There are 2 protein chains.
Amino acid sequence: MGSVKTKRMPRAVRERQMLDAAVKTFGQRGYMAASMDEIAELAGVSKPLVYLYLNSKEDLFTACIRREAAALTEAVRSGVRPGLGADRQLWAGARAFFTHTAQNPDGWAILHLQARTHGEPFAAEVAAMREEIVAFVTQLIVVAAREAHRDPDLPEREVAGLAEALVGAAESLAAWANTTPGVSARQAAATLMNFAWAGLGNLMEGRPWSAPDADQVLSFDDRA
Amino acid sequence: MGSVKTKRMPRAVRERQMLDAAVKTFGQRGYMAASMDEIAELAGVSKPLVYLYLNSKEDLFTACIRREAAALTEAVRSGVRPGLGADRQLWAGARAFFTHTAQNPDGWAILHLQARTHGEPFAAEVAAMREEIVAFVTQLIVVAAREAHRDPDLPEREVAGLAEALVGAAESLAAWANTTPGVSARQAAATLMNFAWAGLGNLMEGRPWSAPDADQVLSFDDRA
């Protein structure tokens, strides 16, 4: 493959054009419905050239996931300033996240909707990216707990659950913002912070939500 | 089809067995990888009988989604006692939700992972279920705002965003609880309440998270 003649255009440029076309097509039509003909046409190249460069539809999809996952984590990472307090880091990370997903709706659709369900190796690529973001959020919660001198009171599993909840909330808000006219990245980030941080802030101050115990109305699922 | 001879077993019972087998197979192997042979074998019937009853793999999958979506919304709905305060209603709904997803991991995998990405009509079935749950949560937030006499301060769009965030957090926690040994439905529900309600409670009391304005560190994404 190294000896392919690409006329005037460098291989890297052509490959980027193919990936751009593939992200758009997979993101808008889904992995199954997207055709290599469509992708080649949108990229302005022949279908054999797409196969020559990216090998197969599966490899092309994997390359899309990898590129979009790397771009998203890089956007979040470079958005955060480690010196700030935990809530400001989260605000900065949230704004970077929603700005990126708003600017790359097709890439986000691939990561959020397409890649998780078509089995390995696709799901593993996205799981790795999601784990990196969950780890980042977990770290912020640990830092916040430390800032509030609450380390001993937040067990590791509770922190892990809170991080999963926060990432799930962000994913849901990104999909909502991308399909609701007029919701800006900043608004989505502010809603996440209102929802998440005001709650986490309470937790850090030792004011968790208190479950009503011995409440017979709730006994229906105590059998679980 | 009405004249099919089903030996001793009533049609409804056989159909339920087929759907049980299909939910398990689709949930564990995914829509594409699941085979009708496998489903028929697991149900203990012949493959032609599955086609005779459910028509096609697509129709079978649709029937699975419809059944699992109805069961989940019914579980949440019957878990809630309308007379309670908003936070207790949410706690009851959350426990019912996590109890159901823990007891039906394959059904949850179909709704959460499989159905959303294989195009219409599957995605529409799940979207309708999700909208019903979002509407339920939206209503609870509106009630909570009313209880706290905060109606004028929570614009409709903000309420919609908060409901999306809460449902996304619950979805993420359900997937996490189902794949993390030792996390009970009650723990998942408590984490959601800690995360969500402590935050919502703050909001209702007029204590939103406050964004640092004029913060130059954040200016990197003001271009968005």
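By class, 15 nonpolar, one polar and two charged residues make up the lining of the second largest cavity. This cavity belongs to a predicted model, in which a search of the whole structure finds five cavities of 30 Å³ or more.

| Cavity | Volume | Lining residues | Nearest the centre |
|---|---|---|---|
| Largest cavity | about 220 Å³ | 21 residues | Phe97(A), Ile133(A), Val137(A), Val167(A) and Ala170(A) |
| Second largest cavity | about 190 Å³ | 18 residues | Phe97(B), Ile133(B), Val137(B), Val167(B) and Ala170(B) |

In the second largest cavity, α4, α5, α7 and α8 of chain B each give two or more residues to the lining. For the largest cavity, at least two lining residues come from each of α4, α5, α6, α7 and α8 of chain A; α7(A) gives the most, with six residues. The lining of the largest cavity divides into 16 nonpolar, two polar and three charged residues.

Helix α4 of chain A comprises residues 57-79. At 1.5 Å a residue, its 23 residues should span 33 Å, and the end C-alpha atoms are 33 Å apart, so the expectation and the model agree. Buried residues of α4(A) include Leu60(A), Phe61(A), Ile65(A), Leu72(A) and Val76(A). Among the elements that cover the buried residues of α4(A) are α1, α5 and α7 of chain A.

The loop between α3 and α4 of chain A contains Asn55(A), a residue with a positive phi of about 80 degrees although it is not a glycine. In chain B, Asn55(B) lies in the loop between α3 and α4 and has a positive phi of about 80 degrees.

An unreviewed UniProt entry places the feature "domain: HTH tetR-type" at residues 12-72 of chain A. Over residues 12-72, the chain is 82% helix and 0% strand.

Note on methods:
Residues numbered from 1 in each chain as written. Chains lettered and ligands numbered in written order. Predicted model: local features only at pLDDT ≥ 70, side-chain atom pairs only at ≥ 80, totals over all residues. Heavy atoms only, no water. Helix = DSSP H or I, 4+ residues; strand = E, 2+ residues; numbered from the N terminus. Expected span 1.5 Å × (residues − 1). Buried < 20%, exposed > 50% of the residue type's maximum accessible area, 1.4 Å probe, protein only. Contact = heavy atoms within 4.5 Å. UniProt positions renumbered as here; feature names shortened; annotations may be inferred. 1 Å grid on protein atoms, 1.4 Å probe; cavity = no way out; pocket = protein on both sides within 12 Å on 5 of 7 lines; lining within 4 Å. Points joined across faces, edges and corners; volume = space filled by probe spheres on them. Nonpolar A, V, L, I, M, F, W, Y, C, P; charged D, E, K, R; others polar.
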